[in-house]
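Q: I'm new to this structure and would like a close look at one part of it. Could you take me through a salt bridge, the places its partners sit in, and what lies around them?

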Amino acid sequence: MNEMKCTSFLAEKIQSLRIAVIGDVMVDRYFYGEVKRISPEAPVPVNRVKKVDSVLGGAANVAANLSNLGCNVFVGGVTGDDDNRRILESLLTKEKIDFGGLVKSRRRSTITKMRILGASQQMLRLDFEEVGDLYPEEADQIKQWLLNLMEDGLDGIAVSDYAKGVCSDAFCQWVIRMAEAHHIPVLVDPKGPRWEKYEGCTFITPNLKEMCEAAGQTVPNEDGPVLQIAQMARERYRIRNVVVTRSEKGMTLVGEKRTVIHSPASALEVFDVSGAGDTAAAVLIAAAAGGLTLPDAVYMANRAAGIVVGKVGTYPVHRDELLQDLLNEERKLGYGFRPLSWKEVADLAQIWHKSGEKIVFTNGCFDILHVGHVSYLEKAAKLGKHLIVGLNSDASVQRLKGETRPLVHELDRARILASLACVDAVVIFHEDTPAKLIKTIRPDILVKGGDYRPDQVAGREYAGKVEIIEFEEGYSTTGLVERIAGMVREGKL
């Protein structure tokens, strides 16, 4: 896989994608309280409720994951015309999800799962639902809604089946046929052993238990047996790619032309697996819709699922934390010593700002990196938590220092800088000054070297404050160049 393509996609292209999510939308409600006595009315504990939380569940959680990744999301399904529908609308609005495809039914209620917890222990769950296939008029409304989206331009469709009624055999097949006619990839998160209704989809994402149910046999969580039943299902149902989520073993994709991809689990500590399947499905369809290769798509989905299982409760992965995770992984694997795009560094800076971590910014040509440069950068890094270096492009250096400079190409200079332990990110700018870049990053501290006054530093109005650091005496690129030229003239080189 190419981690750099993943980070570039996540920082830039993903925000232009339009994804529709269709399925069984739900509201997950949590009533947190404490239990200190037994009711005098009956031998049951009395839960004194202290907090109530409501979050998007089912297909709506897939939509929430896609929205938090930065996609433009449209959700379709059926709900009741009730108080829980209004809670659902409020949650979807907060997540900036278009719910124009949610049909209000007079014959059913909004699917809601109410959990009663005492001292973090779940005591009871109450389910509000009427299970049954869509009525013809409900199916027609959702179909027309989806056709309009397809005509306007849609990059991908996620079908989230919780066996509550929206994803009937006929409806799923209609969605898959229409998507195929419009060349739109369809991902299905399945439910139950009967996969005939998913026939012909682009991706299907069962967990190992669901995969075994569909295959009609139980196999151990080992590569060989899992590959065998996944391949059988792929051929039987004409599914282009079967992606099995395998808990601590990660994910396995079986695709066309004997394509097999194993992606190991990335989570260091697992707190809660709920919602991890929704996250993997969301990232996978977004990656596929955005044109990433299968290895890159599976890798990114697996990293996202690893983040979610480290959280408690249903949690949609956020684009900024996935981007940070991918960039950190790049560096661990030795691919991180590269300049970031302006979009990548802006997203990274936003993460650090949200975390309350102080950002330091400095800039320069850094042509022939020497001890003076390193000393200066180390001093700058000590002023905050993260150091971002703005690097003049080759064209910018040439305008500043003459046609013979730079001596080292911009990408080579960037790689050397990024490999320094004190530098967290390097970004190239093409202007004569980094003012526009500084405006994008909004650093807490702007550092400049030499004998400048703070009021002379370009971009100072976009930083928290300006610090001036003196250069190390006896070290300069110009001095090195002159020394080398002198040695050449004297015939010593």
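A: Let's start with D367 and R405, whose side chains meet in a salt bridge, with N and O 2.8 Å apart. Keep in mind that this is a predicted model. The pair links distant parts of the chain, as D367 and R405 are 38 residues apart. You'll find D367 in the loop between strand 14 (359–364) and helix 12 (371–381), while R405 sits in the loop between helix 13 (394–401) and helix 14.

Helix 14 covers residues 410–418, and its buried residues are E410, R413, A414, L417 and A418. Looking down the axis of helix 14, you'd see these buried residues fall within an arc of 125°, which means they line one face of the helix. The spacing makes sense once you know a bit about helices: an α-helix has 3.6 residues a turn, so residues three or four places apart point the same way.

Back to salt bridges, for some context. The whole structure has 28 of them. Another one joins E34 and K50, where the closest N and O atoms are 3.3 Å apart. E34 belongs to strand 2 (residues 25–38) and K50 to strand 3 (residues 45–58), so this pair ties together parts that are 16 residues apart in sequence.

Elsewhere, salt bridges that share partners join E34, K36, R48 and K50 into one network.

N241 lies in strand 11 (residues 241–245) and is buried, with a relative accessible area of 5%. Leaving out residues up to four places away in sequence, N241 touches T202, F203, I204, L253, V254, G255, E256 and L294.

Terms used:
Residues are numbered from 1 along each chain as its sequence is written. This is a predicted model: local features need pLDDT of at least 70, side-chain atom pairs count only at pLDDT 80 or more; totals for chains, interfaces and linings use all residues. Side-chain values use heavy atoms; hydrogens and water are left out. Buried means under 20% relative accessible area, exposed over 50%, partly exposed in between (1.4 Å probe, protein chains only). Helices (H or I, at least four residues) and strands (E, at least two) are DSSP runs, numbered from the N terminus. The arc is that of the directions from the helix axis to the C-beta atoms. A salt bridge is a side-chain nitrogen of Lys or Arg within 4 Å of a carboxyl oxygen of Asp or Glu. Contact means heavy atoms within 4.5 Å.
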